[in-house]
Amino acid sequence: MSGAGRPASTLRLVLGDQLSPALSALSGLDPARDVVLMAEAMEECSYVPHHPRKIALVLAAMRHFAAELTATGVRVDYVRLEDPANSGSLVGELGRAIGRHRPARVVMTEPGEWRLRQAFAVLGIEVREDDRFLCSHAAFAAWAGGRRALRMEFFYRAMRRRSGLLMEGAHPAGGRWNFDAENRKRLPARIAVPPVPRYTPDAITAEVLALVARRFGHHFGRLEGFSMPVTRVEAEAAFADFLRTRLASFGAWQDAMSIRSPFLFHSLLSSALNLGLLDPGALCRGAEAAWRDGAAPLAAVEGFVRQILGWREFVRGVYWRSMPGYGRENALAAHRPLPAFYWTGETEMACMARVIRETRDHGYSHHIQRLMITGNFALLVGIDPYLVHVWYMAVYADAYEWVEMPNTIGMALFADGGIMG
Ligand code: FAD
């Protein structure tokens with residue numbers, strides 16, 4: 001997959017969570033003259049001790065995406081983690097690739113993390129906006145503008161009006177913006193929870209799994225049994241399965257917890273969505289279509305759309321508005337160290353032990369477990385928010401700073417003094 005040889009007109013850098021064919025960095029690509037650079041960097045795999053499943057997911061998805069681009073005739077220069085000359089950093093790999101290809105210009109899509117944005121900003125390359133979100137930076141700034149407090153509910157209503165999702169003219173479908181009252185049901189003693197689809201690793205993924213076991217097997221987290229979607233086709237199949245088997249029940253039990261299932265009726269789509277394998281607008285429209293077709297009640301669909309159109313876009317806006325200092329906010333002056341059992345699950349507190357062990361086994365917990373168990377314990381005990389943030393960044397397969405940090409620092413720990421809510 002190396003594209004070295006004749007000089008490239010444009011070198012297009014694609015990061016590990018930018019695996020979308022419609023990525024702004026790929027817009028205007030000339031297959032005859034341009035080169036796409038993708039690099040696996042040790043620095044990115046190890047700046048926190050990421051869960052082995054998370055590393056495997058990102059690397060497997062990157063390799064599949066590179067193969068898909070290559071199959072369409074694009075020249076991809078792909079640097080593997082264990083290439084002997086790999087410098088270990090993304091900036092280092094960009095520098096080496098510029099030497100190899102001597103491009104007339106370099107283009108990338110803005111990184112989703114402040115640290116990387118700063119690292120690339122000083123290089124004088126063309127950084128394009130990431131337009132895979134439903135709310136641009138300018139639109140969020142215009143909405144947040146003069147407001148003293150940011151309320152997700154008002155942001156969400158503005159997004160519903162702007163997108164037309166679940167709207168009937170100027171009014172919310174069903175006459176209400178929010179169906180939370182219907183969405184807080186107690187889980188019945190007997191309820192069948194559909195199995196979560198599993199995707200058998202192919203040769204590309206199997207090779208990555210062996211690499212991750214070798215290099216990152218000592219990190220917290222179980223790699224065996226990896227079956228996450230790593231391609232767009234698999235991610236879309238996972239969404240179709242959610243629409244068919246779980247969406248109708250998503251709303252009623254979205255705030256429930258049960259020892260009978262770590263997943264309940266959640267979508268498990270965040271990992272694929274945050275990598276760029278799925279498009280947030282398409283997920284919202286797909287769920288809306290299920291309601292209009294009579295396949296799911298409005299309360300369930302509204303609950304799902306609110307998470308993506310509302311919360312996901314809102315936390316991103318809060319992140320970029322609050323950086324670079326956000327990660328060090330500590331409004332409640334909490335300074336305790338993170339207890340060692342966060343990395344083992346060895347505690348007599350049954351709920352904590354269960355959620356931490358499920359996290360170890362799956363690289364996943366649903367929202368209420370993250371917020372009300374591991375998050376709430378850290379809040380009550382007064383654990384240093386930055387240490388809690390590092391833990392969440394490391395242990396969940398869907399964790400990227402723009403989405404993890406506001407949820408941890410803001411929503412779970414109130415360390416931002418109420419910016420998030
Ligand atoms: P579902 O319950 O099926 O929800 C559907 C989708 O809505 C999710 O896939 C996700 O994309 C979106 N969503 C729902 N809630 C939120 C939210 N609060 N913020 C942003 N998007 C949301 N989500 C991440 O994607 N990455 C993280 O690193 C992350 N860290 C979190 C840390 C804490 C302390 C808390 C309280 C929440 C965190 N969340 C994070 C939000 C939420 O818990 C996960 O998005 C969700 O559990 C993912 O599982 P799912 O795909 O089954 O979600």
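The ligand is surrounded by 29 residues, the closest being His 266, Ser 267, Leu 268, Tyr 364 and Asn 407; a residue counts as near a molecule or strand if one of its heavy atoms lies within 4 Å of it. The model is predicted: local features need pLDDT of at least 70 and side-chain atom pairs count only at pLDDT 80 or more, whereas totals for chains, interfaces and linings use all residues. Residues are numbered from 1 along each chain as its sequence is written, and side-chain values use heavy atoms, with hydrogens and water left out.

**Ligand site**

- An N or O atom in the side chain of His 266 is 2.7 Å from an oxygen atom of the ligand.
- The side chain of Ser 267 likewise has an N or O atom 2.7 Å from an oxygen atom of the ligand.
- A nitrogen atom of the ligand lies 2.9 Å from a polar side-chain atom of Asn 407.
- On its own the ligand has 820 Å² of accessible area, of which the protein covers 99%; accessible areas come from the Shrake-Rupley method with a 1.4 Å probe, and for residues only the protein chains shown count as cover.

**Aromatic rings and charges**

- Rings of Phe, Tyr and Trp (its six-membered ring) pair if their centres lie within 6.5 Å, and planes under 30 degrees apart count as stacked, over 60 as edge-to-face and the rest as tilted.
- By this rule there are 23 aromatic pairs.
- In one of these, Phe 140 and Trp 143, the ring centres are 5.7 Å apart and the planes stand at 50°, so the pair is tilted.
- Both Phe 140 and Trp 143 belong to helix α5 (residues 137–144), where they are three residues apart, about one turn of the helix; helices (H or I, at least four residues) and strands (E, at least two) are DSSP runs, numbered from the N terminus.
- Phe 140 and Trp 143 are both buried, where buried means under 20% relative accessible area, exposed over 50% and partly exposed in between (1.4 Å probe, protein chains only).
- One aromatic cluster is formed by Phe 341, Tyr 342, Phe 377, Trp 391, Tyr 392 and Tyr 396.
- Arg 117 lies over the face of Trp 320, 3.7 Å from the ring centre; a charge sits over a ring if NZ of Lys or CZ of Arg is within 6 Å of the ring centre and within 35 degrees of the ring normal.
- The ring of Tyr 364 has the charged end of Arg 370 over it, 5.8 Å from the ring centre.

**Helix α15**

- Nine of the 11 residues of helix α15 (residues 385–395) are buried, so the helix is largely enclosed by the rest of the structure.
- Among these buried residues are Pro 385, Val 388, Trp 391 and Val 395.
- The elements covering the buried residues of α15 include α2 (52–71), α13 (350–362), α14 (367–381) and α16 (401–412).
- At the start of α15, the backbone nitrogen of Tyr 386 has a side-chain oxygen of Asp 384 within 2.9 Å; such a polar contact is a pair of N or O atoms within 3.5 Å, and within protein one must be able to donate a hydrogen and the other to accept it, while residues adjacent in sequence count only if both atoms are side-chain atoms.
- Tyr 392, found in α15, is buried with a relative accessible area of 5%.
- Leaving aside neighbours within four places in sequence, Tyr 392 is in contact (heavy atoms within 4.5 Å) with Arg 370, Thr 374, Gly 375, Ala 399, Glu 404 and Thr 408.

- Glu 113 lies in the loop between β4 (105–109) and α4 (114–121) and is buried, with a relative accessible area of 7%.
- Beyond neighbours within four places in sequence, the contacts of Glu 113 are Tyr 47, Tyr 319, Trp 320, Met 393 and Glu 401.
- Thr 205 is found in helix α7 (residues 203–216) and is buried at 2% relative accessible area.

**Backbone features**

- The peptide bond from Met 323 to Pro 324 is cis, with omega near 10°, and Pro 324 lies in the loop between α12 (298–322) and α13.
- Arg 102, a residue other than glycine, has a positive phi near 45° and counts as exposed at 51% relative accessibility.
- Leu 166 is not a glycine, although its phi is positive at about 50°; Leu 166 is buried, with a relative accessible area of 1%.
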